[in-house]
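Work through the exercises below with the sequence and the model at hand. Try each task before reading its solution.

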Amino acid sequence: MPAAILGLNSEHYFVNKSWKTSSGTVFHFDKNGSGYRRFGKEKTVLIWSLKPEWVEVTTQTRAGGPTSKWYFRFEKNNVG
């Protein structure tokens, strides 16, 4: 298992924090597998789960819209 997976995917690196993509989408990770995704004025609920090699996120692209899955690997405590 890569070292980044063992340490930096630990919940304390991303829970109760927000991560912003280069396109401006914000993912906020709350405790217990919940959170939100915000892009512009659109904010939707997300559900996350910690997998062996990444964090899997399920969310809607817009309220009432289709769901999508995102996969995060945190390489540093400030870069995902």
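**Exercise 1.** Is Lys-69 buried, partly exposed or exposed, and what is its relative accessible area?

Solution. This is a predicted model, in which local features need pLDDT of at least 70 and side-chain atom pairs count only at pLDDT 80 or more, while totals for chains, interfaces and linings use all residues. Residues are numbered from 1 along each chain as its sequence is written, and side-chain values use heavy atoms, with hydrogens and water left out.

Step 1: recall the classes. Buried means under 20% relative accessible area, exposed means over 50%, and partly exposed lies in between (1.4 Å probe, protein chains only).
Step 2: take the value. Lys-69 has a relative accessible area of 46%, so the residue is partly exposed.

**Exercise 2.** Which side chain meets that of Lys-69 in a salt bridge?

Solution. A salt bridge is a side-chain nitrogen of Lys or Arg within 4 Å of a carboxyl oxygen of Asp or Glu.
Step 1: find the partner. The side chain is that of Glu-56, at 3.6 Å from N to O.
Step 2: Lys-69 is in strand S6 and Glu-56 in strand S5, 13 residues apart, and the pair links distant parts of the chain. Strands here are DSSP runs (E, at least two residues) and helices are runs of H or I (at least four), numbered from the N terminus.
Step 3: classify the partner. Glu-56 has 17% relative accessibility and therefore counts as buried.

**Exercise 3.** How many salt bridges does a search of the whole structure find?

Solution. Step 1: the search finds two.
Step 1: one of them joins Glu-53 and Arg-73, whose closest N and O atoms are 3.5 Å apart.
Step 2: Glu-53 lies in the loop between S4 and S5, and Arg-73 in the segment after strand S6 (67-72), 20 residues apart.
Step 3: Glu-53 counts as partly exposed because its relative accessibility is 35%. Arg-73, at 35%, counts as partly exposed too.

**Exercise 4.** Which residues make up the largest nonpolar core?

Solution. Step 1: a nonpolar core is a set of buried Ala, Val, Leu, Ile, Met, Phe, Trp, Tyr and Cys residues joined through side-chain atoms within 4.5 Å.
Step 1: the core has eleven residues: Phe-14, Val-15, Trp-19, Phe-27, Phe-29, Leu-46, Trp-48, Val-55, Val-57, Phe-72 and Phe-74.
Step 2: two or more of these residues come from each of strand S2 (26-29), strand S4 (42-50) and strand S5 (55-60).
Step 3: follow one member. Leaving out residues up to four places away in sequence, Phe-27 touches, among others, Trp-19, Arg-37, Leu-46, Val-57 and Phe-72; contact means heavy atoms within 4.5 Å.

**Exercise 5.** What pattern does the protein chain follow along the sequence?

Solution. Step 1: the chain has one helix and six strands.
Step 1: their order is α-β-β-β-β-β-β.
Step 2: of its 80 residues, 31% count as buried.
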